[in-house]
Amino acid sequence: MVSPDKIKHFVIVRFFPYQRSTFPHDVLDVDFLSKQLPLTKNILSSLENQTNKNFELVFLINEKCFSESRYGFVFSALRDSSALPIKFIKSNEKARLIKEASKDYDFVIQSRMDFDDFVFKDAIADTQSKVIECNQILAYGYCKGYRYVLGELYPNFSTFGGKGPYAVLASLICDSAFASKFPDVSVYQFPHDNLRPTLKNFLEKKGISFSENMFQLNTKTIAYIYFKHEFSQQLLCTNKV
């Protein structure tokens with residue numbers, strides 16, 4: 001077993017860090033952002049309920065929110081909504097976090113999660129338990145849960161043809177040597193529903209042989225509620241989130 005002190009785990013959450021061309025709402029509109037903030041209680045309550053709280057919650061925020069005072073409510077609302085400490089960064093600052101963590105920890109984990117989704121209480125503990133199976137890099141995620149769509153709850157399961165998990169706490173687990181060498185590798189750069197092929201392609205371009213041990217899907221645990229509502233980018237964009 002690896003000591004928790006040897007693991008740095010970032011849960012990285014996008015809160016409209018950029019504008020999708022196919023998204024019909026202005027993500028920098030103050031009224032729009034105000035309507036989205038209550039939905040962050042979904043992820044915040046899930047993470048507050050984790051049996052293992054050895055993680056750092058990081059929100060990726062649009063860079064304009066850092067420079068214009070009218071967006072100050074975004075930061076204060078998120079801080080006031082949770083007892084968890086929250087770090088706010090711009091998208092281009094993430095590599096620095098990974099690089100610095102690789103100096104002090106044996107493993108660096110990046111987990112992605114949308115701000116309006118739920119995850120089961122042992123998700124952080126389960127993900128961190130996989131570090132013992134990590135040789136350079138291990139992609140890990142969940143395939144079984146529920147979909148909440150406009151007020152209705154449905155059982156949900158897919159491995160996307162064996163290519164990936166759902167995005168709810170999909171993770172890249174890296175040893176410190178890999179994280180130090182490739183700090184700009186992001187859990188968001190690999191589409192969750194096509195994770196295995198894109199990860200394999202990325203590694204081979206870097207001269208690293210892909211092994212099936214670098215990719216693992218959890219198909220048994222009922223792990224998440226994938227939350228869709230009237231503003232969901234998954235529903236409104238032609239591009240998948």
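I began with the term itself: rings of Phe, Tyr and Trp (its six-membered ring) pair if their centres lie within 6.5 Å, and planes under 30 degrees apart count as stacked, over 60 as edge-to-face and the rest as tilted. The model I looked at is predicted, so I note that local features need pLDDT of at least 70 and side-chain atom pairs pLDDT 80 or more, while totals for chains, interfaces and linings use all residues. Residues are numbered from 1 along each chain as its sequence is written, and side-chain values use heavy atoms, with hydrogens and water left out.

Aromatic pairs: I found 19 of them in the structure. For F75 and F88, the ring centres are 5.0 Å apart and the planes stand at 90°, so I recorded this pair as edge-to-face. The pair links distant parts of the chain, 13 residues apart, with F75 in helix α4 (residues 72-80) and F88 in strand β3 (residues 86-89); helices (H or I, at least four residues) and strands (E, at least two) are DSSP runs, numbered from the N terminus.

Burial: I looked up F75, which is buried at 11% relative accessibility, and F88, which is buried with a relative accessible area of 12%. Buried means under 20% relative accessible area, exposed over 50%, and partly exposed in between (1.4 Å probe, protein chains only).

Other rings: I also noted a cluster in which ring pairs link F15, F16, F23, F32 and F115.

Strand β6: I placed Y146 in this strand, which covers residues 137-149, and I noted that Y146 is partly exposed, with a relative accessible area of 31%.
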